[in-house]
Amino acid sequence: MSPLWSLRWLWVYFLIGQFAISNVRTAWPASNSSNIQLLGIFGNGLTMNDSSPGTLWSRAMFNAAILLSQQYNITIDGQFIGSQLVASGGITMNALSNSCLLISTSNIVGIVGPTFSRETQVIAPFAAQLSIPVVSYSATDPGLSDRGAYPTFYRTVPSDTTA
């Protein structure tokens, strides 16, 4: 009887833990008050309702980097680094049009993302024309390693060839 009772309590703890993890909400402080900004391009998930765990982690790391830069007084031309976030929905033209709009209306000094290699193949040459660096956290297409075609593109994950 005792092992069965322990198993029931373990099950209750598991359910409570799952509920607590799935209902965690975070209110990130607004970081777009600066004149100098990084553009974050994510596949989706700018709200908690349409986020997968991978998207949440990527967006959380992006926001954490912005907050840490402010905490450690990292500035560009004496101004803190702010951010703008866009969701492409995995559609290359959405990523490009959102990027064009924000670059034309804001002082974007760098791009983090896009999520997908197919989007990066369009965004990276566009950003190179404007001398804006692009750092992708998930684009793995080996063709993106061509420094001639993508001179301002960098990645934080290895290409498919290396992997």
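Predicted model: local features only at pLDDT ≥ 70, side-chain atom pairs only at ≥ 80, totals over all residues.
Leaving aside its neighbours within four places in sequence, which residues is leucine 102 in contact with?

**View 1. Leucine 102 and its surroundings.** Leucine 102 has its place in helix H3, which covers residues 92-105. Once neighbours within four places in sequence are set aside, the contacts of leucine 102 are Leu39, Gln84, Val86 and Ile108. For glutamine 84, which lies 18 residues away along the chain, the C-alpha separation from leucine 102 is 8.0 Å. Is leucine 102 buried or exposed? Its relative accessible area is 13%, and the cut-off for burial is under 20%, so leucine 102 counts as buried.

**View 2. The whole chain.** Here is the wider setting for the close-ups. The protein chain contains 4 helices and 6 strands, and along the sequence they follow the pattern α-β-α-β-β-α-β-α-β-β. Of its 163 residues, 33% count as buried.

**View 3. The open sheet.** In what order do the 6 strands line up? Reading across the sheet, the order is E2-E3-E1-E4-E5-E6, and the pairing is mixed. Strand E2 (75-76) and strand E6 (153-155) are the edge strands, each pairing on one side only. Helix H4, residues 117-129, packs on this sheet and touches strand E1 (36-42), strand E4 (107-112), strand E5 (134-136) and E6. The direction of H4 makes about 155 degrees with that of E5.

**View 4. Parallel pairs in the sheet.** Strands of a sheet pair through backbone hydrogen bonds, in either a parallel or an antiparallel sense. E1 and E3 run parallel and are joined by 7 bridges; phenylalanine 42 has alanine 87 in E3 as its bridge partner. E1 also runs parallel to E4, with 5 bridges joining them, and here leucine 38 stands opposite glycine 110 in E4. Moving on to E4 and E5, this parallel pair is joined by 2 bridges. The bridge partner of isoleucine 111 is valine 134 in E5.

View 5. E2 pairs with strand E3 (residues 79-87) in the antiparallel sense over 2 bridges. Threonine 75 stands opposite phenylalanine 80 in E3, while isoleucine 76 has glutamine 79 in E3 as its bridge partner. What sits between the two strands of this hairpin? There are 2 residues between E2 and E3, and aspartate 77 in the turn has a positive phi of about 55 degrees.

**View 6. A nonpolar patch on the surface.** Our last stop is made up of Leu68, Tyr72 and Ile74, which form a nonpolar patch. Together these residues have about 330 Å² of accessible area. Tyrosine 72 is found in the loop between helix H2 (53-71) and E2. Why does tyrosine 72 count as exposed? Its relative accessibility is 58%, and exposed means over 50%, so tyrosine 72 falls in that class.

Terms used. Residues numbered from 1 in each chain as written. Heavy atoms only, no water. Pairing = 2+ DSSP bridges. Contact = heavy atoms within 4.5 Å. Axes fitted to C-alpha atoms, helices over the stretch in contact; angles between N-to-C directions. Buried < 20%, exposed > 50% of the residue type's maximum accessible area, 1.4 Å probe, protein only. Patch = residues over 30% accessible without salt bridge, like charges linked within 9 Å, V, L, I, M, F, W, Y side chains within 5 Å. Areas by Shrake-Rupley, 256 points an atom, 1.4 Å probe, with all protein chains shown as cover. Salt bridge = Lys/Arg side-chain N within 4 Å of Asp/Glu carboxyl O.
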